[in-house]
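Me: Please take a close look at one part of this model: the ligand site. I would like a connected account.

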Amino acid sequence: AGAGSSLGNDQRFTGMITRTSSPDNTEFPFASLNSFLTPTDQHFVRTHFDTPEIDARDWRLTVEGAVEKPFELSYEELRKLPSVTAATTLECAGNGRVFLKPLQNGIRWELGGISTAEYTGVRLADLLARAGVREGAKMVTLEGADSGAVSGGPAPGVIAYSKSLPLEKAMQPEVLLAYRMNGEELPAKHGFPLRVVVPGWFGTWSVKWLTKIIVTEGEIDPYFQTFSYSVWDRRYGEPSLIPITQLGVKASIARPARNETVPAGAKYRVLGAAWTGGEAQVTKVEISTDGGKTWGQARLLGEAVPFAWRLWEYEWQTPAAGRRVLMARATDSEGRVQPTEHSADLRDGHINMIIPIPVEVR
Ligand SMILES: Nc1nc2c(c(=O)[nH]1)N[C@H]1C(S)=C(S)[C@@H](COP(=O)(O)O)O[C@H]1N2
Ligand SMILES: [Mo]
């Protein structure tokens with residue numbers, strides 16, 4: 001059950017779940033979780049605009065702004081640079097949104113707005129070093145080739161999908177510009193020819209179809225990290241909007257699925273995944289099969305992989321017939337415990353409260 005291997009039993013892939021088809025937003029059916037790495041064609045897809053069609057021969061990546069030596073790279077040049085390969089879990093900030101009360105606008109992800117893949121690419125830090133970031137620079141804007149008119153509330157008209165990463169995070173060795181996914185060429189829907197992978201932070205930072213890297217001396221928080229993908233921060237008293245960054249500590253139950261019927265008086269293998277943000281590791285997953293009254297400990301499978309989910313299992317001796325509610329709760333190496341309730345300050349993203357899974361024992 002470690003990296004790459006399959007859990008072998010109870011495979012139940014029933015097809016991807018289309019949330020919207022134009023633009024393409026597709027959910028991984030989480031109940032079919034069966035391996036550490038999500039097969040590429042089962043990886044969830046989150047797009048805000050139409051998927052751009054890019055011919056790798058015409059595509060260029062430019063590095064510009066507050067740098068000593070701006071430059072551009074072709075796809076071929078890029079692939080000749082030293083590369084690294086690492087598994088990363090991407091989670092959409094809206095994963096689990098359908099379980100928020102009251103129901104929120106936005107894509108109604110259930111549990112499968114999350115997947116794990118192995119990415120190969122160059123370190124963003126290497127390209128920034130080559131360009132020579134100027135003293136005092138603060139942010140690194142990553143711009144995708146996709147654009148469109150955003151709607152709903154104050155809207156700036158037609159904009160590209162872009163994120164501005166603090167320089168400090170951009171320089172971390174785990175942040176990649178990836179051109180391969182699970183050992184194959186990056187598919188169009190996941191950002192061909194090149195995407196950013198920002199491990200430990202919500203998927204929104206991992207800009208697909210990357211064409212521009214712009215270093216700025218000023219601090220900026222563009223549309224996709226203020227109007228959306230932001231949370232209320234009350235550190236200094238007044239609520240102010242700040243971009244979401246690190247994933248929350250979270251365990252999700254894959255099997256049984258919601259409202260599944262499980263046999264009474266039998267051994268049932270409860271299975272799921274758990275993950276957390278930044279550099280932390282999941283240290284514990286607890287399971288309740290009685291709606292949160294009592295908790296037992298799940299077994300963590302495989303080995304801890306930095307910036308990736310950890311699969312877990314729990315053997316449940318099922319009771320006599322009746323309704324039961326299962327819950328999973330993760331704890332991480334920084335002592336953070338998955339909350340029971342969603343904080344309203346986290347708005348409709350950054351969803352990591354415990355999600356009860358009702359089942360029918362029969
Ligand atoms: N250019 C671009 N990059 C993007 C997006 C987008 O709409 N355009 N969506 C982001 C969001 S919100 C998420 S969760 C991840 C999803 O990556 P995936 O589609 O490969 O799963 O891509 C991010 N990168
Ligand atoms: Mo997302």
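Reply: What follows covers the ligand site, then some backbone features elsewhere in the chain.

This is a predicted model. Start with the space itself. Ligand 1 takes up the largest cavity. Around ligand 1 there are 18 residues. Phe44, Asp146, His190, Arg195 and Lys208 come nearest. By class, the shell holds seven nonpolar, seven polar and four charged residues.

An oxygen atom of ligand 1 lies 2.5 Å from a side-chain N or O atom of Lys208. For Arg195, the distance from a ligand oxygen to a side-chain N or O atom is 2.6 Å. His43 also takes part: an N or O atom of its side chain is 3.4 Å from an oxygen of ligand 1. Taken alone, ligand 1 exposes 530 Å², and the protein buries 100% of that.

Next, the backbone. Phe192 and Pro193 are joined by a cis peptide bond, with omega at about 5°. Pro193 sits in the loop between β11 (184-185) and β12 (195-197). A cis peptide bond also joins Arg255 and Pro256, again with omega at about 5°. Pro256 belongs to the loop between β16 (250-255) and β17 (261-262).

Tyr229 has a phi of about 55°. Its loop runs between β13 (210-216) and β14 (230-233). Tyr229 has a relative accessible area of 13%, so it is buried. Phe307 has a phi of about 65°. The loop holding Phe307 lies between β21 (299-300) and β22 (310-317). Phe307 counts as buried because its relative accessibility is 19%, and the cut-off is under 20%.

Key: Residues numbered from 1 in each chain as written. Chains lettered and ligands numbered in written order. Predicted model: local features only at pLDDT ≥ 70, side-chain atom pairs only at ≥ 80, totals over all residues. Heavy atoms only, no water. Near = heavy atom within 4 Å. Polar contact = N/O pair within 3.5 Å; in protein donor to acceptor, adjacent residues only side chain to side chain. Areas by Shrake-Rupley, 256 points an atom, 1.4 Å probe, with all protein chains shown as cover. 1 Å grid on protein atoms, 1.4 Å probe; cavity = no way out; pocket = protein on both sides within 12 Å on 5 of 7 lines; lining within 4 Å. Sits in = over half its atoms within 2 Å of the grid points. Nonpolar A, V, L, I, M, F, W, Y, C, P; charged D, E, K, R; others polar. Helix = DSSP H or I, 4+ residues; strand = E, 2+ residues; numbered from the N terminus. Buried < 20%, exposed > 50% of the residue type's maximum accessible area, 1.4 Å probe, protein only.
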